[in-house]
Amino acid sequence: MAELEAVIGLEIHVQLATKTKMFCGCELSFGDEPNVHTCPVCLAHPGVLPVPNEQAIRYALQIGAALNCEIAPRSIFHRKNYFYPDSPKAYQISQYDIPICGAGRLGDVRIHRAHLEEDAAKMIHVGESGRIHGSGASLVDFNRGGTPLVEIVTEPDLRDAAEAAQWARLLRETIRQLGVSDVNMEEGSLRVDANVSVRPAGSEELGTKTELKNMNSFRFLQRGVEAELARQRQLVESGGTVEQETLHFDPASGSLTSLRSKEEAHDYRYFPEPDLVPLVPSEEQLREARESLPELPVARIARYEEMGLAYDVALTLATDPRTAGYFENVVEAGDGIEPRVLANWVTGELAAALRQAEVDGGAADSRISPPDLAKLVRLVQEKKISHGSGKKVLAAMVKGGGDPEEIVEREGLAQMSDSGELEAIVEKAMADNPDAVEKIREGNGKAIGAIVGAVMRETKGRADGGEVNRLIQQKLNS
Amino acid sequence: MKDLLQMTALEAHEAMVAGDLAASEYTAAWKEAAAGDELNAYLWRNEDGEDSKAIAVERDCVAPIAVKDIFTTEGVPTTAGSRILEGYRPPYTSTAVRKLLEAGAPILGKTNMDEFAMGSSNENSAYGPVLNPWDRGRVPGGSSGGSAAVVAGGLAPWAIGTDTGGSIRQPAAFCGIVGLKPTYGAISRYGMIAFASSLDQCGPLTRTVSDAALLLGILQGKDPCDSTSVGLEGGVSLPDREDLSGLRFGVPAELGHDEYDSGVRTVFEQTLRKIEELGGEIAEVSLPSSEHGISAYYVIAPAEASSNLARYDGVRYGMRAGGDGDLVQMYETTRSEGFGPEVKRRIMLGTYALSSGYYEAYYGQAQKVRTRIAEDFSGAFADVDFVVTPTAPSVAFGLGEKTDDPLAMYMNDFFTVPMSLAGIPAISIPAGLAEPDDGGPQLPVGFQIAAPAFGEQKLLDAAYALEQGIGFDARPEGLGG
């Protein structure tokens with residue numbers, strides 16, 4: 001049997017951080033006392049009507065622009081009808097066949113659509129399971145009911161669980177940088193569902209999919225998808241078939257349980273919402289949405305890779321715009337030093353030094369000015385100080401700022417330029433460590449570390465590690 | 001000065017503004033009259049108690065008004081004629097009522113109606129039928145039967161109602177008064193309990209066309225709480241047109257003679273001659289899709305209703321029955337005990353029409369018919385200023401006469417539904433009296449005039465001229481002329 005390929009698509013619900021709800025004037029809140037942010041409209045009293053939130057529409061247009069979506073010149077709202085206490089109208093106002101944002105792309109993943117809708121109220125099931133089945137009673141908190149949501153649906157372009165989680169992180173970072181949502185998975189302002197199927201590698205057809213819900217962290221997303229893929233692979237490989245169903249992921253046990261099968265699927269009786277007029281964004285609104293976009297992670301990553309940065313480093317910087325700005329200032333001050341080297345200092349040595357010194361905030365908040373960091377890197381590059389000394393200077397700068405050259409002078413960290421002096425120290429270190437010398441001769445290359453360490457102790461790190469290595473090899477071979 | 005209760009609302013308003021009439025005295029006289037309701041027309045009357053504090057008027061200078069019980073009134077019972085909302089006191093007031101209060105019109109009471117505005121006879125009220133003031137053995141029409149009956153029966157100077165497929169015009173015709181359904185969007189629907197959202201429209205039920213104009217002027221306007229509201233640009237002026245010269249009135253060629261009673265036809269034809277006497281011209285127009293209006297309406301309206309009425313689940317307000325801790329059982333018991341048979345019938349019809357696999361055949365097709373009907377009217381209005389028809393196929397029929405035959409009941413809307421589907425304004429004015437085809441005393445006949453969207457001013461002007469020309473002054477027995 002051909003190898004089974006995973007096919008994964010994501011559905012992401014993003015709660016918009018607007019001031020008020022999607023269709024009424026109630027304030028948005030998280031963690032307040034239940035049912036304090038309600039009104040006749042969001043409690044669906046008789047006779048009320050929805051009025052769309054303009055800020056939510058602006059945010060949806062910004063998300064559309066960030067995901068390179070085609071914006072519908074005229075989109076409409078539909079009613080999705082279902083009976084459940086989390087939906088006081090017994091229908092959700094959503095978008096159906098004409099969403100505000102059509103086809104788009106983020107990174108390597110195509111976006112199928114993104115549409116505006118309202119969130120349901122929050123149900124609290126009293127009892128051990130915390131779910132409606134087997135609970136003693138269910139309570140409804142309408143504070144969340146009516147919160148504006150954008151639902152983003154991808155094409156099934158993801159091929160494994162880790163890739164899905166990584167792409168979801170990129171999406172979250174993109175939306176976070178737009179400033180349109182808190183994108184907090186634990187609080188539910190970002191919710192990711194996954195559609196998962198398998199098919200023989202090379203096949204163009206899609207297998208039967210299952211929908212995974214309740215993965216409230218990227219780690220759980222990855223674990224949930226992994227678990228489901230394993231289940232489907234095993235099922236198909238043993239001759240079974242995958243049934244279309246909705247699954248609930250339990251992070252504690254790592255297990256998946258069926259919420260409902262295809263037969264139990266709802267008939268939502270969608271029809272155009274007669275209480276709302278079509279959504280027709282003006283030219284000005286569209287232009288504003290495009291112009292309001294900051295440089296987004298995908299664009300930043302591409303630009304940094306162009307500058308020679310490794311993908312991981314580019315991604316680290318792209319998900320932290322303040323540090324990225326700092327890095328760019330260092331590049332400017334570094335005048336000619338490879339950006340790749342500077343990026344490694346910013347995301348590697350400097351980040352570590354800040355962590356070690358337990359300094360709050362990132363590079364941009366540190367006492368080290370970009371020109372001073374560039375100056376320090378140049379000292380190392382020009383071998384005026386060793387890499388190890390560079391780290392020491394950096395640690396001093398993190399504590400008190402200052403000019404790296406002065407610190408080198410003060411601490412006597414200048415690289416040993418007299419190779420005669422270094423040669424003598426190496427010879428002494430080899431003489432003091434005959435066991436290590438013997439081991440190296442026997443082919444244990446790692447043993448050289450003991451000798452290098454002794455040299456570094458003796459020179460207080462001023463020696464160039466490469467030079468020390470060269471000298472040891474030279475002595476051994478002579 | 002005339003007897004207080006004989007004055008039109010406009011006359012009373014002008015007298016109050018001129019300082020010739022004390023508002024308190026006038027309102028008191030009407031409250032006393034309303035208290036004598038023997039028609040089961042009021043579901044709640046304003047006795048200035050604690051419960052009506054939120055709908056008190058600050059400046060009393062417009063005639064007091066009766067309000068169909070479909071409009072929410074803060075703190076005041078609002079049932080929409082349904083058992084499921086028994087005891088419900090809304091936390092807010094509808095825009096239409098708020099505008100009345102702001103204009104200085106005290107609320108006399110809330111009027112009886114077909115449950116959730118579904119009906120043409122007022123027999124679908126959970127609180128019993130309203131009786132027609134002309135003949136208490138007959139229906140007042142519906143669904144705004146209570147509002148029509150209080151105006152015709154001397155229990156209120158004027159009233160507001162709602163019209164989805166004829167619910168203002170048909171009861172106005174049955175009760176011998178003026179009823180106007182404005183253009184969809186002219187008046188806010190906020191706080192008007194929804195039956196079929198794309199069709200529902202608030203409007204006046206009055207004794208005269210001038211009163212209707214005055215009331216429309218108060219009610220109309222774009223409302224930030226209703227995205228579909230637009231208002232009437234330039235407002236509404238009192239009509240003063242004296243003749244109909246230069247105006248063309250189109251009679252639909254498809255208006256067969258089988259659809260309506262001979263008495264109605266006689267009055268309709270007399271009225272056409274009256275139009276010509278007043279200088280108007282009668283022409284034939286073609287509305288080929290209108291005959292499918294009822295079919296399309298009875299798909300679209302129930303479909304929207306099935307969704308609009310889904311919120312009455314016993315969870316947050318209104319009636320709650322059964323359940324014993326089981327959610328689905330509570331839903332089912334509450335809804336089966338709370339809704340009457342016609343409401344249930346329409347919820348089932350609508351749910352079916354929207355179901356997956358049937359949507360295109362029913363709802364999709366009905367929307368196409370709706371578009372065609374609107375196009376038919378646009379075509380007709382290229383040639384004529386107005387389209388005219390009888391308002392209803394018959395005069396008021398007997399209580400219980402059609403309750404077992406829903407289709408016969410639905411045919412009451414035959415002449416009024418096309419205008420609702422097209423979203424255009426239409427007015428019914430009393431045109432004369434006719435004997436029912438099956439015999440009995442003479443009863444009022446309504447004449448319907450429809451105009452292009454937002455053509456209310458022109459419509460009111462023409463209706464006024466015709467009203468003056470007809471000079472209809474019959475009143476139910478005991479109410480004088």
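Visitor: In strand 11 of chain A, which residue is the bridge partner of A:Lys213?

Guide: Happy to start there, and please keep in mind that this is a predicted model. Strand 10 (residues 210-215) and strand 11 (residues 245-250) of chain A pair in the parallel sense, over three bridges. A:Lys213 has its bridge partner in strand 11 of chain A, and that partner is A:His248.

Visitor: Which strands of chain A stand at the edges, each with a single partner strand?

Guide: Let's look at the strand order. Eight strands of chain A form an open sheet with mixed pairing, in the order 4-5-8-1-9-10-11-12. From one strand to the next, the twist averages 30°. The edge strands each have a single partner, so one side of each is left without a neighbour in the sheet; they are strand 4 (104-106) and strand 12 (255-261) of chain A.

Visitor: At about what angle does helix 2 of chain A run to strand 1 of chain A?

Guide: Helix 2 of chain A lies across strand 1 (4-15), strand 4, strand 5 (109-118) and strand 9 (190-200) of chain A. With strand 1 of chain A, the angle of helix 2 is about 25°.

Visitor: Which helix of chain A gives the most to the side of domain 1 that touches domain 2?

Guide: The domain assignment gives chain A domain 1 (4-291), domain 2 (297-411) and domain 3 (419-477). The centres of domain 1 and domain 2 of chain A are separated by 40 Å, and six residues of domain 1 are in contact with four residues of domain 2. On the domain 1 side, four residues come from the element that gives the most, helix 2 (residues 161-178) of chain A.

Visitor: How many residues does the largest nonpolar core have?

Guide: Nonpolar side chains tend to be buried together in soluble globular proteins. Here, B:Ile65, B:Ala156, B:Ala159, B:Ile449 and B:Ala463 have the most contacts inside the largest core. Leaving out residues up to four places away in sequence, B:Ala463 touches B:Val209, B:Ile427, B:Ile429 and B:Ile449. The size of this largest core is 151 residues.

Visitor: Which helix of chain B gives the most to the side of chain B that touches chain A?

Guide: The contact takes 24 residues from chain A and 36 residues from chain B. The chain B side divides into 19 nonpolar, 11 polar and six charged residues. Elements giving two or more residues to this side are helix 8 (293-308), helix 9 (327-338) and helix 10 (341-354) of chain B. With three residues, the one that gives the most is helix 8 of chain B.

Technical notes: Residues numbered from 1 in each chain as written. Chains lettered and ligands numbered in written order. Predicted model: local features only at pLDDT ≥ 70, side-chain atom pairs only at ≥ 80, totals over all residues. Domains from an automatic or database assignment. Contact = placed C-beta atoms within 7 Å. Core = buried A, V, L, I, M, F, W, Y, C linked by C-beta atoms within 7 Å. Buried ≥ 20, exposed ≤ 12 C-beta atoms within 10 Å, placed from the backbone. Pairing = 2+ DSSP bridges. Axes fitted to C-alpha atoms, helices over the stretch in contact; angles between N-to-C directions. Nonpolar A, V, L, I, M, F, W, Y, C, P; charged D, E, K, R; others polar.
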